Number of protein chains: 2
Amino acid sequence: MSTQTGSSEVRSEHPEVDGAGERPMRADARRNRELLVAAARNVFTAQGAAASMEAISKEAGVGVGTLYRHFPNRLDLVEAVYQTDVQELWETAQRVATELEPWPAVEAFFDAFMRYARTKKTLLDELHQAFEKKPDLRSRARGLLESSFDLVIDRAKDAGAVRNDVDGADVMQLVSPVCTNASVDPEQAGRLLRMILDGLRADAARTVIA
Amino acid sequence: MSTQTGSSEVRSEHPEVDGAGERPMRADARRNRELLVAAARNVFTAQGAAASMEAISKEAGVGVGTLYRHFPNRLDLVEAVYQTDVQELWETAQRVATELEPWPAVEAFFDAFMRYARTKKTLLDELHQAFEKKPDLRSRARGLLESSFDLVIDRAKDAGAVRNDVDGADVMQLVSPVCTNASVDPEQAGRLLRMILDGLRADAARTVIA
DNA sequence: TTAGTATACGGAGGTAGCCTCCGTTTAGCA
DNA sequence: TGCTAAACGGAGGCTACCTCCGTATACTAA
């Protein structure tokens, strides 16, 4: 939740972002920025892409002017919410990898990924636009997601809990469409994910191609 | 281009649509409807999703009121453009299948599909919304597209020009993402399409799985 | 051919959402 | 404690979607 991790930052290059270079943000500005991203996530989840900027600023308890000071346009806000989600997913991967046994960590991470995907789903259309405007956003996010999967999957492979002929990118490629595709409802996604998990286990490896 | 084909109609159920049931549209209304769809396609192609309803009605040479009489909201217009495209693609499949030799017909149809996909690409976001509101639109369109591919592919298979272990749905599944995915530029799409075509030829069949 | 009517046309204007501007407030510092 | 750069807030501009209704016109029946 906090932004203090420092390493592996996925952040926009707005001047008011804290961190390297400029003087740090004023305390109220930093607080409001966090309130705004959190509010945006809530309102987007509740109302989907129809959520208005006014509604989000109201939810955050600040004026629209403040919203636009932090996020010059709608896409910047969508982007910030997305980046926060990806960042949190990465932090989750690190946490489950240290706190849980290898296989339960995989299950826990799948769970977290599904939650992440739910937000992404409601913002798909706008994310498309954001990706088109800033191609590196997509690639950086994809990279961090792959690293997250790698972290959890590789550890489970080393422990002999996951088959050896797959890597994080493969699993992500398999899981992403299931979670993101609009024509797959949550229950179906849950079933498919369980099936993927079963296929992932080391003792499931039987079919070998080439 | 004309709407007289009768069979295989993919049309919305607005009361002013010509055909079954009600009395036929007045001549001016029918003419304006066609002008509007054609104008919408032009403007969408030129300006993408940013195209305004006002701009479209101006391009068609009618008032906005007329536009909204025919298409109560933006999504209905997007839908009409899409349906027209799918319909025309089906007609193209029929035409090339009667006018050209089996293999050239496949090539010609690929070409037409690429053009269709270009429009679809610019409207992707809005089509998503339309599909969510009317799930049967997607399935009907997909069905007609599959039939189009089947028509051309099956004929080429019978003539021994295309390998036997694929069908129209397979080819569509292969071709669609190449044409629709935003991160694939036109040149790359052209190359990939040529590769797919090469792999489709009967004498290319060598790799057999299971 | 003509008169009558159902139908369609057109564009001014209502509504709402994104964003800007600038006067007011406040955090951080000496 | 006073000063100033930074941040706040919300009225209002702009534009896009859509509605409404007076005007025009295609069709029909005599």
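Helices, numbered from the N terminus, are DSSP runs of H or I with at least four residues, and a residue is near a strand if its C-beta atom, placed from the backbone, lies within 6 Å of it. This is a predicted model, in which local features need pLDDT of at least 70 and side-chain atom pairs count only at pLDDT 80 or more, while totals for chains, interfaces and linings use all residues. Residues are numbered from 1 along each chain as its sequence is written, and chains are lettered from A in the order in which they are written.

DNA strand C is surrounded by 24 residues, the closest being A:Ala27, A:Asn73, B:Val62, B:Gly63 and B:Gly65. Helix α3(B) supplies the largest share of this surface, 4 residues. At least two residues each come from α1 (27-47), α2 (53-60) and α3 (64-70) of chain A and from α1 (27-47) and α3 (64-70) of chain B. The surface comprises 9 nonpolar residues (Ala, Val, Leu, Ile, Met, Phe, Trp, Tyr, Cys and Pro), 8 charged (Asp, Glu, Lys and Arg) and 7 polar (the others, Gly among them).

Around DNA strand D there are also 24 residues, of which A:Val62, A:Gly63, A:Gly65, B:Ala27 and B:Ser52 come nearest. Here α3(A) gives the most, with 4 residues.

Within chain A, the axes of α4 (residues 74-99) and α6 (residues 124-133), lines fitted to C-alpha atoms over the stretch in contact, come within 10 Å and cross at roughly 100°, on a scale from 0 to 180 degrees between N-to-C directions. The two helices α4(A) and α6(A) are therefore roughly perpendicular (65 to 115 degrees).

How values were computed: Parallel < 35°, antiparallel > 145°, perpendicular 65-115°, else oblique.
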